Each structure stands twice: as structure tokens, then as C-alpha cells.
Amino acid sequence: MIIGILGGGQLARMLALAGHPMGHRFVFLDPAPDACAATLGELLVAPYDDQNALAQLAQKVDVVTFDFENVPATSLAFLAQKKVPVFPPPAALQAAQDRLVEKNLFRQLGIATADYVAVASRDDLTQAVAHLGLPAILKTRTEGYDGKGQWLLRTQTDVENAWSELAGRAAILEAFIAFEREVSAIGVRGQSGETLFYSLAENTHRDGVLFQTLSTTNDPMQARAEQQTSLLLNALSYVGVIAVEFFQVGDNLLANEFAPRVHNSGHWTIEGTETSQFENHLRAVTGQPLGQTSVRGHFAMLNLIGSMPEAQAVLAIPGAHLHDYGKAPRPGRKIGHVTVHCEDHTPSLPNTLLDLL
């Protein structure tokens, strides 16, 4: 089958790496001529809303998916008009693109979140701060990613500075949550409604960017996270892999956001499970039976941000697997990751690996 992917970054690259052994071929649409997935298929270089390029993509492929949620929903609607199946469904993308819509959807489904208030004006922000108190987090409603478009407000000076930087964009103010940990629930739903989940992943961020993920075993929050995520999957008639990020506060989970795609916190599944998130996403969108998500051990994953360590030094670490995305180094850019197989039930990254960064 020929699969079209809107986006040609590392997620598209890893989808293609999973799909080639299954006999799939790929066509990517990305505005960057050096998109790192290009070596694994045909690359159409054009903006995501270029209808000529979208029409060309529609003629070449059997099904379309996407590798990040800032693809215009109008592009998916255009492809649907061309009678090309698009998964996950456009409604999921639209909900994930707007934090207010996303939070409202969680609440409508009975999925708990932090308190939040919509902000469309300076008066709205003043009232929202009065209602929620400080500290609080101001976020743009759209296009925030990897810590961008977010401001932690601790003082009135922070409020003023954030409002100035916001520059009139629609926003949402969220109550600050002193959570114990952040976990990702990664699930996959097929076209028949078949649903499977991976073990919860425990995440650590630095400067708003995911730094490391640890797989868990028999996590006490697993069943609750699966139940909450299933509500979302069924409500959206979802097809494909989804990731929902939760904050754990005591015995409760608060949904932070969801990603309608394969996710950074699921990279450990490539080596760590019977069927990776990438293979299962492709199985789902092409209408194939889902693969088992059983774990192969205990894994830790480290993002490589800005620069690559020496490959020989990484590969000398027992249990380490290096993934180089083939992207040019740049401060703050994800250019690879390392997964490490661990022997015990509390996986951690070896100091020898951390010392390389």
C-alpha cells in the first residue's frame, strides 16, 4: 500500500522505517526540502495548504496520515474531498489544535483537567488571574509545541510581560498543578474499533521539551489512564495511535493534552515492545489487525537535543540503541534519541550516557 504522510520529520521517518518491511511505500508532503524522511520515500516540497500539491498527493496514495498536529485541518478536508481516506480523523486533529477546544472536550467526556479559563483580552486575563490565582500557566490556544507559546506566571510582572509577548493571540490560563509525575498513555485503535494500550511512560522535561521517558510495569495508574483514553478514542471514532499526557496528583489523573499521532514518549516501544507504536499506527490506518503491545523488558529513552554524542561511545553502553534522524544540529532541535534496555524494574539512564551530553 502507498501511504501519504503530511510532514516529513522524524516521526514520518520512523513510520516509514516500520512500514518498509511490511511492503508499504511512502509519499511525504513537507515544506522543507531537507525533510529527514525524504530518503525513505518520495518527497513533495510544498506548504501544507498547497492544493496543487495536495491533489498530487491524493493521486499517488491509498491513505493519508500526518506526523504532527499543526497541519491545517483544511488540508485534511481537501484530501477527503478527493476521496482519500485520512486517519486519524480530522475531528481529532481539530480538537488537538486548540487548547480550549481540547480542554472542553475532556470535560464533556468526564476526563478531569486542571482548572482553566479562556483569555481573549487583557480584561479576560485579569479576571482569570483573579479566579485561578498565581502561579498559573498562560498558553496560546494554538501552535504551542515543545514549551513554545507558554508562560509560567508567578508575579504580576510575569503577567504583564506574558501579555505583551502574547501580542493579542487567543489564549487559555490554566491553574498551576504541583503534580507528582507526568505520564503518557499511548493507545491504538483500529478501524474495527479494536483497541490496545502500551505500558504507561513516565516523562521528564527540560525547558519545556521532553528529555527522558521511562517505561513502567504494572503501573497503579494504568487502568485509570486506559479508561480515560478510551473515552476519547471512542468519542472521536479514532483510528491510529494516540498519546494522552496526564498529571498524577495523589490517586488522581488530570489530562493535560493529547496528540493525535505517534508520540515522542513512545519511542521506547521500537525496541521495548512486541509491536512498536509506529508499526501499530500503520496497521490501524491501513485496516490491518493490530499487533500485540506486550513489553520486552524495562526501557529508558533519552532525546538527543541540539547535538549528537559520539556514536561509538553511545553504542559501547550495554543495552543502548542509537537513533540518528539525519537532521542538521541546531540548538533546541530534536536530532535523535537513545533507548536503553534495563535489567531491573526501575529503569534509568546510565551515567555513562548522561555524561556524553
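Tutor: Let's start with angles: axes are lines fitted to C-alpha atoms, for helices over the stretch in contact, and angles run from 0 to 180 degrees between N-to-C directions. Helices (H or I, at least four residues) and strands (E, at least two) are DSSP runs, numbered from the N terminus. The model is predicted, so local features need pLDDT of at least 70 and side-chain atom pairs pLDDT 80 or more, while totals for chains, interfaces and linings use all residues. Residues are numbered from 1 along each chain as its sequence is written, and side-chain values use heavy atoms, leaving out hydrogens and water.

Student: Why is Pro-88 called buried?

Tutor: Buried means under 20% relative accessible area (exposed is over 50%, partly exposed in between; 1.4 Å probe, protein chains only). Pro-88 has 0%, so it counts as buried. You'll find Pro-88 in the loop between α3 (73-81) and α4.

Student: What does Pro-88 touch, leaving out residues up to four places away in sequence?

Tutor: Thr-65, Phe-66, Tyr-238, Val-239, Pro-260 and His-281. Pro-88 is also 8.0 Å from Val-241, C-alpha to C-alpha, though 153 residues separate them in sequence.

Student: How do you know that β1 and β2 are paired?

Tutor: Two strands pair if DSSP finds at least two bridges between them. Strand β1 (residues 2-6) and strand β2 (residues 25-30) have 5 bridges, in the parallel sense, so they pass. Ile-5 stands opposite Phe-28 in β2.

Student: And what makes β3 and β4 edge strands?

Tutor: Look at the order of this open, parallel sheet: β3-β2-β1-β4. β3 (42-45) and β4 (63-66) each have a single partner strand, so one side of each lacks a neighbour in the sheet.

Student: Why do you say α1 is largely enclosed by the rest of the structure?

Tutor: Because 9 of its 10 residues are buried, among them Leu-11, Met-14 and Leu-15. Helix α1 (residues 10-19) lies across β1 and β2, at about 170° to β2. Its buried residues are covered by elements including β1, β2, α10 (277-285) and β17 (334-342).

Definitions and conventions: Contact = heavy atoms within 4.5 Å.
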